[in-house]
Amino acid sequence: MRKLTAPNTRRRVGRTSSGDARPIRLAGVRPGITIVGVKDLGPIHHPVSGLIDLPSTPEEWAPHVLSAAQVEAFERDGFLLGVRVLSDAQLEALDAELEELMTPGHAGQEHFYEYHSNESEDPERVLFHALGAWRVRPAFHDVLWSPALRMAAYQLLGASPRFFHDQLFAKPARTGGVVAWHQDYAYWTWTAPMAHLTCWMALDDVDEENGCLRYVRGSHRWGLLERPALGGDMAALAEQLAGEQKAELGRSVPVRLRRGEASFHHPLVVHGSHENRSGRSRRATLVNLFADGVKSNMTERDFPGTTSYPRVALGEPMGGEGYPLLLDEGALGPWLRELPRVSG
Ligand SMILES: O=C(O)CCC(=O)C(=O)O
């Protein structure tokens, strides 16, 4: 395990996989001495925090099932807004963990796939972006097993959902930066075929003032475009668009959500977000998923940055320790196939 250098000699408090606070072991007491990082939660494929209900019967799942109208809206628009996913207890735990995770040098930072304290290309702006929190702290680990997320993922993928990776995006009050217009699959072609989905969960109330996410309705039918730099020029993607598509970009839909609510989007839907000039922060956690059976398309020479993801050999199904199956259609029973879902 890679070790972190302790910034000072103070004892730090971390969380065990059961969610209890405990001191993180220090290998030394002087500045410059190493500390041993937190346990990697990645190999644990069940909730560990005590914050998650695990429904098993159709009756227990029922409150989390999307209606036929919601599934149709997703198919038509490429996104679905306003699904409550996170409980108050989860939100409280996530707040505490996120504050710690946003401090560079925190215990367990070595388990992130990517960690950018600031990915904004504008020196006046800040965009925190990190992938891998699920391996580092229990409440973020357990977000994957939130029942509303798992059921919506099944219905919107039309197949058993498998976890791909998570993301944290945080824009501080007043100085928060943009996320340039993009399509997610442009960064994910190292997994194929395209059968992916994103769940974007608000950790603050979000609206136009604090730089909420915005979707371009129907853009999931535009085909795959070149990927821009996420923290770069908001409008860079427009260079690839035809006139009517540019007009649609101008009519993008603001994703107004209450804290704890989520939106879901298709891997080709064009989305992005403006600066946060308000006095409120804008924090979010995302879970990216794909249908069970999606394969690794990763060759050695492509896709810089992907080497920090759990490795799956070219042509093999994405699975194993890094990619847990979140809902097994075969195991849950025939009632599941009667639910409204996109035709996979
Ligand atoms: O949070 C944002 O503004 C951007 C999110 C994003 O890029 C995504 O959902 O893929």
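Figure 1. Arg214 has Gly272 of strand S15 as its bridge partner. Strand S12 (residues 213-215) and strand S15 (residues 271-273) are antiparallel and share three bridges; two strands pair if DSSP finds at least two bridges between them. Strands (E, at least two residues) and helices (H or I, at least four) are DSSP runs, numbered from the N terminus. The open sheet has four strands in the order S9-S15-S12-S13, paired in the antiparallel sense. Because strand S9 (179-182) and strand S13 (253-254) are edge strands with a single partner each, one side of each lacks a neighbour in the sheet. The model is predicted: local features need pLDDT of at least 70, side-chain atom pairs count only at pLDDT 80 or more, and totals for chains, interfaces and linings use all residues. Residues are numbered from 1 along each chain as its sequence is written.

Figure 2. A residue is buried if 20 or more other C-beta atoms, placed from the backbone, lie within 10 Å of its own. Three bridges connect S8 to strand S7 (residues 128-131) in the antiparallel sense, and His129 has Phe169 of S8 as its bridge partner. Strand S16 (residues 282-291) also runs antiparallel to S8, joined by ten bridges; here Val287 of S16 stands opposite Asp166.

Figure 3. Helix H5 (residues 147-157) is largely enclosed by the rest of the structure, because ten of its eleven residues are buried. Among them are Arg150, Tyr154 and Gln155. Gly158 follows H5 and has a positive phi, near 75°. The largest nonpolar core contains 83 residues, and those with the most contacts inside it include Ala152, Ala153 and Leu157. Such a core is a set of buried Ala, Val, Leu, Ile, Met, Phe, Trp, Tyr and Cys residues joined through C-beta atoms within 7 Å. H5 supplies the largest share of this core, eight residues. Beyond its neighbours within four places in sequence, Ala152 is in contact (C-beta atoms, placed from the backbone, within 7 Å) with Leu66, Val83 and Phe264.

Terms used: Buried ≥ 20, exposed ≤ 12 C-beta atoms within 10 Å, placed from the backbone. Contact = placed C-beta atoms within 7 Å.
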